[in-house]
Amino acid sequence: MNNEDEFFDAVTGSYCSSYLCSSFSFIYNLHICIVLHVGTLKRCVCMFMNGKPFFCPLRSSLPAPMFSRNDFSIWSILKKCIGLELSKITMPIVFNEPLSFLQRISEYMEHTYLIQKACSQSDSIQRMQTVAAFAVSAVASQWDRTGKPFNPLLGETYELTREDQGFRLISEQVSHHPPISAFHTESLTGDFVFHGSIYPKLKFWGKSVEAEPKGTITLELHKHKEAYTWTNPFCCVHNIILGKLWIEQYGTVEIVNHSTGEKCVLNFKPCGMFGKELHRVEGYIQDKSKKKCCMIYGKWTECMWSVDPQVYEAHRKLEKKGTTDTRKQKQEEPEAVNEDADEMPDVQETVAVIPGSTLLWRISSRPPHSAEMYNFTNFAMTLNELEPGMEGVLAPTDCRLRPDIRAMENGNIDEASSEKERLEEKQRAARKERAKDDEEWSTRWFQLGTNPYTGSQDWLYTGGYFDRKYTDCPDIY
């Protein structure tokens, strides 16, 4: 091919004029770019001169930077809500981020390679270590993400197909009060299924907002005929009223392998008085006889390691012995009291690696302009991208088509606010009409059932979404 700005579309016989394609052709000397159809969604796949495929990159930035929140105060709204559940309270849009909560859920899949690694491991304890690392990595994107995702509208959906990571996901807002979001992810090669339903219960405690992540998460590894279940830790955003916003996660997460009886117990540690425990996670894996097989430690903002229990305990004893004097000195020094804000403690030194430890996971670095883009990760930057041809393929209820989120992403705060109000009023009017006709809301892609492993209520995928038959989808936008 002589003209590097033209790329043949092997599917339609036309040419791809993608800016990214032509740019990468210039840099990497590609000789052809074909358009693949993955679930009828198009993705360009460039071919190097040596014949190896290269997926054209998704966007690495948002159309506009985030708005300053310095001129806004939410105290007038929240001062009457101390101790109450916040799902029914309308917040100023400036405190949002341009993603729906359904899109936020899809960020669980940022480190999908860990699931694929677990599928390939022959030892069940090693698999549990990798699944534990995945469970921690699934909440790592919340680090410094102080913007609130948009509450999904009833019937709203989100799909995500990432052939480069080997999965496809569908999620749906199945209930409005209480707000429940259901999701189902499956491997493109049939290796795993990852699904769950999340009911984020929010409470305001004066200076902070706490999110209790009700709902069970299930991971099924088909090759090993195993199923793992767990729930996420609590998440707390500090200094909602005054001071710098900061996030901590805390609580006990129990991951159960329902096939082998093995269990992993992870303790997401609260910050503590001197901030030494900020972001730290410690735990262990035990077999069905409750014998500890390995210890796990690290930070959910950084990395996770595993080590032999005896080595871990010996290291802890030495650590305690060496810090006794330092602790006494700190106790003698009175702590300054700040009644205005919960100051974020200084982040302690990086995780001290115990000799003999094995690295399980390390967080991916964020783009250099992340702070200007709602502290999004590279993965999050792509989630609301509307690629050419998508609009005619997506379900009409997909988040990418939601006008208030799109306006905010494009930097139009006034339009975003007015569209948000319009959509919420439309949702209220539809609810009144259903009540008038004594009509129950009917979910489209999920139904309420029983989790086969825990016996608890769960929203389960009924299938059919990727058949692309959307004629009976509700008009919610």
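Analyst: A cavity is a set of points, on a 1 Å grid over the protein atoms alone, where a 1.4 Å probe fits but cannot get out; lining residues have an atom within 4 Å of a point. Grid points are joined across faces, edges and corners, and a volume is the space filled by probe spheres set on the points. This is a predicted model, in which local features need pLDDT of at least 70, side-chain atom pairs count only at pLDDT 80 or more, and totals for chains, interfaces and linings use all residues. Residues are numbered from 1 along each chain as its sequence is written, and side-chain values use heavy atoms, leaving out hydrogens and water.

User: How many cavities of 30 Å³ or more are there?

Analyst: There are 2 cavities of 30 Å³ or more. The second largest cavity holds about 40 Å³ of space.

User: Which residues line the second largest cavity?

Analyst: Its lining consists of Glu110, His111, Ala140, Ser141, Ile363, Ser364, Arg366 and Thr377.

User: Now the backbone. Where is the cis peptide bond?

Analyst: The cis bond joins His177 and Pro178, with omega about 0°. Pro178 sits in the loop between strand S9 (167-175) and strand S10 (180-187); strands (E, at least two residues) and helices (H or I, at least four) are DSSP runs, numbered from the N terminus.

User: What is phi of Lys290?

Analyst: Phi of Lys290 is near 70°, a positive value in a residue other than glycine. Most residues other than glycine have a negative phi.

User: Is Lys290 buried or exposed?

Analyst: Lys290 is exposed, at 64% relative accessibility (buried is under 20%, exposed over 50%, partly exposed in between, with a 1.4 Å probe and protein chains only).

Methods: 1 Å grid on protein atoms, 1.4 Å probe; cavity = no way out; pocket = protein on both sides within 12 Å on 5 of 7 lines; lining within 4 Å.
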